[in-house]
Amino acid sequence: MKSMNGAAQPMDPREFVLSDAEFERLRALVHRSTGIALSDAKRELVYGRLSRRLRALKLATFREYCDMVESGHPEELEALTNAITTNLTAFFREDHHFRQLAGEVLPQVLAERGAARRLRIWSAGCSTGEEPYSIAMTLRGAFAQIGEWDARILATDIDSNVLAKAARGEYSAEAAAKMPKDRLERWFKPGAGGSTFVAAQELKNLIAFKQLNLLHDWPMKGPFDAIFCRNVVIYFDKDTQRRLFDRMADLQAPGAWLFIGHSENLFNVSSRYKLVGRTAYRRI
Ligand SMILES: C[S@@+](CC[C@H](N)C(=O)[O-])C[C@H]1O[C@@H](n2cnc3c(N)ncnc32)[C@H](O)[C@@H]1O
């Protein structure tokens with residue numbers, strides 16, 4: 001490349017330019033549509049993940065991309081959302097919550113509502129499904145009569161790609177290795193190619209996977225005996241978190257449980273839950 005006076009200029013190694021103004025536009029778009037507050041530190045991540053979208057759409061600039069999404073292309077807004085979400089998860093992540101589910105939540109539900117035989121758990125921000133399948137394994141393992149109950153795990157996420165994978169219930173050997181071997185052998189069978197593991201129908205039968213943006217209206221009425229909303233609100237600003245936990249509290253009866261992520265807390269966010277263990281709360 002040459003400058004106006006003919007001197008050699010170093011080549012910009014970047015394929016696209018993401019200006020401050022375009023980053024701000026993308027940041028506003030993502031915040032409006034998902035609640036995710038992108039910090040300056042996420043600029044490289046945004047560049048990397050959205051460069052792929054520009055290439056796929058054969059666009060030359062981020063400006064064109066911003067124009068396109070802002071002018072209302074629902075399918076591209078979905079692709080943008082899927083590209084920006086962080087989906088890291090694992091089977092039995094923060095295992096103490098599953099021990100509490102078996103040892104405290106289930107006995108409480110049995111004692112208080114054994115006659116109604118109804119159990120509802122919500123995995124809000126379920127990503128690729130490891131969390132709801134871990135809940136299902138815990139319930140089946142701890143309570144043999146669950147099949148005779150009206151028991152359901154609602155598993156929701158905004159990201160349509162991870163949700164499709166969650167519904168398939170097929171996992172790599174690497175993902176499966178995160179769970180104890182006895183559980184893997186009991187609840188999964190080898191996939192068609194031999195290198196993957198597929199969740200048993202008994203687990204799938206307990207779970208309803210649905211796409212749901214936590215910022216939008218929620219179709220469900222509850223009440224939920226337990227809500228797992230872990231490692232989701234960490235990406236939201238405090239006001240969004242306040243509204244979210246207030247709405248969750250509306251879907252729970254006093255005494256019901258809420259589990260949040262290891263680096264999250266409800267201090268200055270919600271006074272409707274009381275802390276009862278490590279990142280474990282009960283509705284007041
Ligand atoms: C890091 S994963 C957490 C998965 C699991 N709960 C765990 O703790 O292992 C966060 C998930 O929240 C989802 N998410 C982000 N914003 C959301 C929103 N507005 N509505 C619903 N889900 C959202 C993402 O798509 C992502 O799959």
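This report describes selected helices, strands and loops of one predicted protein model.

## Basis of the description

The model is predicted: local features need pLDDT of at least 70, side-chain atom pairs count only at pLDDT 80 or more, and totals for chains, interfaces and linings use all residues. Residues are numbered from 1 along each chain as its sequence is written, and side-chain values use heavy atoms, with hydrogens and water left out.

Helices (H or I, at least four residues) and strands (E, at least two) are DSSP runs, numbered from the N terminus.

## Helix 1

Helix 1 covers residues 20–34, which makes 15 residues. From its first C-alpha to its last it reaches 21 Å, close to the 21 Å expected at 1.5 Å a residue; the expected span is 1.5 Å times one less than the number of residues. Its buried residues are E22, F23, L26, R27, L29, V30, S33 and T34. These residues cover an arc of only 165 degrees around the axis, which puts them on the same side of helix 1. The arc is that of the directions from the helix axis to the C-beta atoms. Here, buried means under 20% relative accessible area, exposed over 50%, and partly exposed in between (1.4 Å probe, protein chains only).

The exposed residues D20, A21 and R32 are carried by the face turned away from the buried side of helix 1. The cover over the buried residues includes helix 2 (43–57), helix 3 (62–70) and helix 4 (74–84). Just after helix 1 comes G35, with a positive phi of about 90 degrees.

Strands of a sheet pair through backbone hydrogen bonds, either parallel or antiparallel. In this model, seven strands form an open sheet in the order 6-2-1-7-8-10-9, with mixed pairing. Strand 6 and strand 9 (273–277) stand at the edges, each with a single partner strand, so one side of each is left without a neighbour in the sheet. The twist averages 20 degrees from one strand to the next. Such angles run from 0 to 180 degrees between N-to-C directions, and axes are lines fitted to C-alpha atoms, for helices over the stretch in contact.

Within this sheet, strand 1 (residues 118–124) and strand 2 pair in the parallel sense over seven bridges; two strands count as paired if DSSP finds at least two bridges between them. I121 has I153 in strand 2 as its bridge partner, and A124 stands opposite T156 in strand 2. Six of the eight residues of strand 2 are buried, so this strand is largely enclosed by the rest of the structure.

## Helix 7

Helix 7 (residues 160–168) has the buried residues S160, V162, L163 and A166. They cover an arc of only 160 degrees around the axis, which puts them on the same side of helix 7. The face turned away from this buried side carries the exposed residues N161 and R168. Among the elements covering the buried residues are helix 4, helix 6 (130–142), strand 2 (150–157), strand 3 and strand 6 (207–211).

The N-terminal end of helix 7 is capped by D159, of which a side-chain oxygen lies 2.9 Å from the backbone nitrogen of N161. After helix 7 comes G169, whose phi is positive, near 65 degrees.

Three strands form an open sheet in the order 3-5-4, and the pairing is antiparallel. Strand 3 (170–172) and strand 4 (188–190) stand at the edges, each with a single partner strand, so one side of each is left without a neighbour in the sheet. Neighbouring strands of this sheet are turned by 35 degrees against each other on average, direction ignored.

Strand 4 is joined to strand 5 (residues 196–199) by three bridges, and the two run antiparallel. K189 stands opposite V198 in strand 5.

## Two buried loop residues

T128 is found in the loop between strand 1 and helix 6 and is buried, with a relative accessible area of 11%. Its side chain makes a polar contact with the side chain of E130 (2.7 Å). A polar contact is a pair of N or O atoms within 3.5 Å; within protein, one must be able to donate a hydrogen and the other to accept it, and residues adjacent in sequence count only if both atoms are side-chain atoms. Leaving aside neighbours within four places in sequence, T128 is in contact (heavy atoms within 4.5 Å) with T89, V162, K165, A166 and Y171.

Q252 lies in the loop between helix 11 (238–250) and strand 8 (257–260) and is buried, with a relative accessible area of 3%. The side chain of Q252 reaches the backbone oxygen of F224 at 3.2 Å.
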